[in-house]
Amino acid sequence: MKSTYKFSNLCGTVYKQGNVLFAPDGNCVLSPVGNRVSVFDLVNNKSRTFAFQNRKNIAAIALSPDSTVLISVDEDGRALLVNFRRGTVLHHFNLKRPVKDIQFSPDGKYIAVTHGAHVQVWQTPNHLLREFAPFVLHRTYTGHHDDVISLRWTADSRFFISTSNDMTARLYTLNPLEDYRPKRFSGHRDIVLNACFSKDHRTIYTVSRDGAVFIWRHKTTKGDEDDEDDEDAMEDEPIGENAVALTHWGVSERHYFNQSFTKVTCSTWHSPSNLLIVGFSSGVFGLWEMPSFTNIHTLSISQERISSVAINPSGEWLAFGAKKLGQLLVWEWQSESYVLKQQGHYFDMNTLAFSNDGQSIATGGDDGKVKVWNANSGFCFVTFTEHTASVSTVEFAKQGQVLFTASLDGTVRAFDLVRYRNFRTFTSPSPVQFSYLAVDPSGEVVAAGSTDTFEVYMWSVQTGKLLEVLTGHEAPVSSLAFSPSGNTLVSGSWDKSVRIWSVFGRGRHMEPFNVTTEVLALAFRPDGKELAVASLDGQIMFWDVTNGQQTSLIEGRKDISGGRKTDDRVSAANSASNKSFNSIAYTADGTCLIGGGNSKYVVIYDVREGVMVKKFQISENLSLDGTEEFLDSRRITEAGPIDLIDQHGDESDLEERLDKSLPGVSRGDLSKRSYRPEVRTKCIRFSPTGRSWAAASTDGLLIYSLDDAIIFDPFDLDLDLTPQSLLAVLTKKEYLKALVMAFRLNEKPLIQRVFESIPPADIQLISRELPLVYVPAMLKFVAEHLESSPHMEFDLLWIRALLLAHGRHLREHSTEHTSIFRALQKGVTDFQRAIVKT
């Protein structure tokens with residue numbers, strides 16, 4: 001079971017770069033998050049991230065009009081063709097040039113792609129067929145003298161217009177037209193960012209970066225604005241299917257946005273309502289009704305430039321992406337309200353913690369913010385900004401809705417998750433930086449370790465007073481943990497020791513465990529009898545807390561190591577920087593241990609056997625440093641690796657060339673640009689339900705869940721036990737026998753069919769007669785069924801009957817079934833909240 005975890009969702013990152021777009025139904029927003037694509041369901045208030053990954057960060061995405069095919073293109077021009085509904089990759093294709101824009105034709109038969117100064121149109125591959133070379137080039141269009149940056153199709157899919165850095169736009173026909181030369185639209189004084197057609201195709205609008213909007217119509221006299229490629233003017237406006245190509249276009253009107261000291265960064269067009277939406281570098285966006293150029297709405301939504309804008313088919317919702325701050329916003333302009341407003345941590349995510357019911361995940365980052373995410377929907381529902389420096393640890397209290405956080409600003413804060421306020425602030429007598437935090441099981445005492453005085457401070461949550469200062473460590477405290485019983489506190493330090501403190505006894509007894517190297521992380525087994533300690537040399541040591549003896553050892557150096565950074569002078573196999581665990585955590589049942597560190601791998605071990613169960617690679621993104629095992633010698637120059645050379649001074653835009661970073665600042669400053677982030681896992685935690693685990697990585701908050709669909713784990717199987725024989729027994733209404741047979745086959749669809757066939761009147765009898773060996777499996781199935789089924793009362797009847805019939809046995813073996821109880825608690829709590837909302 002522990003090896004069947006698969007990628008489930010990505011939280012903490014909502015937008016990185018590229019274009020955001022709406023699905024054709026208008027209810028979902030697609031957003032590139034690094035080398036993945038996230039889908040935000042605005043109606044059901046849920047988000048999901050596809051499991052597929054591009055080689056590098058995604059530069060452009062496009063969705064077919066029938067929502068069957070998704071194309072994502074990375075920075076190098078490598079494209080993935082994906083079945084949108086299933087999330088499976090159908091084909092890989094290399095476009096061989098960086099792509100600025102990619103658009104499906106409205107009929108879905110063709111794909112237009114920018115290819116440097118050219119435009120390529122490809123036939124859309126059939127997503128139902130497996131072909132060797134599915135991408136077929138239809139035509140290549142030339143004429144521009146600089147990179148093409150945007151494309152727009154006509155509604156009949158017969159023409160498209162392109163804009164370029166050469167300050168012109170060009171109109172092309174999909175198929176050759178006799179005596180037709182591509183029309184050129186010139187006259188702008190800056191880069192043309194976008195061009196679009198009116199609903200009747202008789203008007204074309206072009207938008208340039210300097211804030212100019214030109215309206216192009218049919219020329220009726222020679223006195224109109226002329227175009228270099230036009231020789232004669234026509235009196236009558238052409239009609240028919242080729243009217244767009246035969247029209248002699250000329251500038252009819254010129255308009256300007258007149259936004260001081262800003263430039264246009266993105267724009268989009270909604271033809272049914274004639275709305276032009278424009279985003280500016282100052283974080284302001286505006287709506288203009290065309291062709292009258294009437295300003296309907298202007299609003300500042302971000303402190304940084306707006307990178308991408310999209311509008312849903314009905315014209316009600318606007319989606320905006322801000323690259324620098326990682327913001328994604330959906331605005332309903334008619335009611336002037338936010339439909340979605342999400343932002344990830346600006347810099348690295350340092351720590352995470354699951355709530356006791358597994359429904360919420362708290363994260364802390366280098367930006368000083370603490371965010372709480374809903375594990376089911378993937379959305380952040382509260383952000384605390386009280387800390388003024390990097391947040392090092394977050395921890396939920398075992399009882400009540402309280403969240404504790406420690407920061408390098410010298411404070412430990414307690415937040416009320418009911419009223420969303422900071423109700424306690426704990427400080428030390430002299431200013432110190434707190435590196436780790438622990439809360440005792442009762443939630444009445446909080447302890448924090450410091451990096452500069454090497455001491456452990458303890459406070460009372462009720463009074464806020466400092467209770468004790470524990471001294472003895474000779475190096476920064478790297479980890480703290482209270483035992484599940486709450487009697488002892490364990491601290492690990494870089495002084496190569498682990499100390500066990502009897503904090504609530506009279507003598508304040510302390511017992512040190514000496515290890516070979518610096519201690520980086522430690523974790524208690526859920527029953528409190530075993531302590532796992534991770535050290536700098538890649539070892540995980542297990543100690544018997546009662547006897548103070550080391551019981552076993554896992555050598556994890558070779559398991560966790562992997563990936564060579566661009567500036568490494570040695571190979572990945574000989575590098576010592578990525579061969580240790582920074583964070584470890586036990587599963588809910590205490591049988592397995594998971595660990596992560598400064599590498600691209602996360603490893604799960606079986607504690608009893610001491611063997612690796614599975615290794616997960618958290619990212620395949622080559623835009624991150626440390627994902628490659630071998631460096632490419634072709635990317636090495638005389639000045640060093642190309643990836644480490646600062647090329648921001650070569651940008652075409654003046655604002656992007658300017659370096660406003662403060663001298664000496666290397667981390668956490670919003671004006672600092674990070675060029676090559678490293679792949680790593682800073683914190684890893686198991687959900688209390690045992691069905692998922694989360695990792696705070698460079699990409700964001702990665703969540704992995706159990707994949708029950710691929711498991712065939714029969715129990716007590718024999719030759720006479722088949723699905724056919726089970727269905728025959730079920731037909732005879734022998735429900736108990738059918739239920740036991742389903743659990744022996746252990747196929748979820750069969751269990752669900754038998755489960756839902758049992759009449760409610762028979763639930764109590766079947767629960768009493770169910771063999772004890774199947775009771776945990778039955779409770780686990782009911783907990784899973786409770787999350788997705790509408791039969792709430794039916795599930796609650798089962799829970800009540802099982803607990804009444806087997807409560808004594810379950811209480812005696814409560815430690816073995818902790819994850820099941822928490823899953824039940826989570827399902828019942830969800831049900832209670834749903835009732836309260838209705």
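Setting up. I am working with a predicted model, in which local features need pLDDT of at least 70 and side-chain atom pairs count only at pLDDT 80 or more, while totals for chains, interfaces and linings use all residues. Residues are numbered from 1 along each chain as its sequence is written, and side-chain values use heavy atoms, with hydrogens and water left out.

Helix H8. I looked up helix H8, residues 775-788, where helices are DSSP runs (H or I) of at least four residues, numbered from the N terminus. Ten of its 14 residues are buried, so H8 is largely enclosed by the rest of the structure; buried means under 20% relative accessible area, exposed over 50%, and partly exposed in between, with a 1.4 Å probe and protein chains only. Among the buried residues are Val775, Phe781 and His785, and the cover over the buried residues of H8 includes helix H5, helix H6, helix H9 and helix H10.

Lys826 and Glu787. I then found a salt bridge between Lys826 and Glu787, with the closest N and O atoms 3.7 Å apart; the term asks for a side-chain nitrogen of Lys or Arg within 4 Å of a carboxyl oxygen of Asp or Glu. Lys826 lies in helix H10 and Glu787 in helix H8, so the pair ties together parts that are 39 residues apart in sequence. Lys826 is buried at 8% relative accessible area, whereas Glu787 is partly exposed at 47%.

The network. My last entry concerns Asp348, Asp366, Arg680 and Lys682, which are linked in a network of salt bridges. Within it, the side chains of Lys682 and Asp348 meet at 3.6 Å, N to O.

Methods: Helix = DSSP H or I, 4+ residues; strand = E, 2+ residues; numbered from the N terminus. Expected span 1.5 Å × (residues − 1). Contact = heavy atoms within 4.5 Å.
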